[in-house]
Amino acid sequence: QVQLVESGGGLVQAGGSLRLSCAASGRGFSGYTMGWFRQAPGKEREFVAVISWSGGTTWYGDSPKGRFTISRDNAKNTVYLQMNNLNPEDTAVYYCAARRRWGSLVDVTTGGYDFWGQGTQVTVSS
């Protein structure tokens, strides 16, 4: 089993920045595709970003594109989400997730993951 723990959320003003971290325990982290999703109250889960096991391939949802950056440090078993120029629409609980194989772009953007973290709250005030 892979355990995922998110951290780094908090309260920021519009235009501010945050960096989220997701620490993994268990075997095989470096071989997993890692993704970030978010969910606001009363709304469906939304794809944010994904990164391949090597870090060589990344993909972003429409809203985060150009503002967020996903990265990973396999030596530390950690994946990051750098969020810049935040706006109130970014307010949500953010979850990291792990998938054994990339599969397809559809697979990694629609929530087809094997493991999920507990989430961290991000609140952006206007």
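Is Met 83 buried or exposed, and what is its relative accessible area? Met 83 is buried, with a relative accessible area of 0%, where buried denotes under 20% relative accessible area, exposed over 50%, and partly exposed the range in between (1.4 Å probe, protein chains only). The model is predicted: local features need pLDDT of at least 70 and side-chain atom pairs count only at pLDDT 80 or more, while totals for chains, interfaces and linings use all residues. Residues are numbered from 1 along each chain as its sequence is written, and side-chain values use heavy atoms, with hydrogens and water left out.

Met 83 lies in strand E8; strands (E, at least two residues) and helices (H or I, at least four) are DSSP runs numbered from the N terminus. Not counting residues up to four places away in sequence, Met 83 touches Gly 16, Ser 17, Leu 18, Leu 20, Arg 67, Phe 68, Tyr 94 and Val 122, contact being defined as heavy atoms within 4.5 Å.

Strand E8 belongs to an open sheet of 4 strands in the order E1-E3-E8-E7, with antiparallel pairing; two strands pair if DSSP finds at least two bridges between them. The edge strands, E1 (3-7) and E7, each pair on one side only. E3 and E8 pair over 6 bridges, and Ser 21 has Tyr 80 as its bridge partner in E8. E7 and E8 likewise pair over 6 bridges, with Ser 71 opposite Tyr 80. The hairpin of E7 and E8 has 4 residues between the strands, and Asn 77 takes a positive phi near 55° there.

The structure holds 5 aromatic pairs. Rings of Phe, Tyr and Trp (its six-membered ring) pair if their centres lie within 6.5 Å, and planes under 30 degrees apart count as stacked, over 60 as edge-to-face and the rest as tilted. Phe 37 and Trp 116 form a tilted pair, 5.2 Å centre to centre with 55° between the planes. Phe 37 is buried at 1% relative accessible area, while Trp 116 is partly exposed at 31%. Ring pairs link Phe 37, Phe 47, Tyr 113 and Trp 116 into a cluster.

Arg 99, in strand E9 (residues 92-99), is buried with a relative accessible area of 16%. Its side chain makes a polar contact with that of Asp 107 at 3.2 Å. Such a contact is a pair of N or O atoms within 3.5 Å; within protein, one must be able to donate a hydrogen and the other to accept it, and residues adjacent in sequence count only if both atoms are side-chain atoms.
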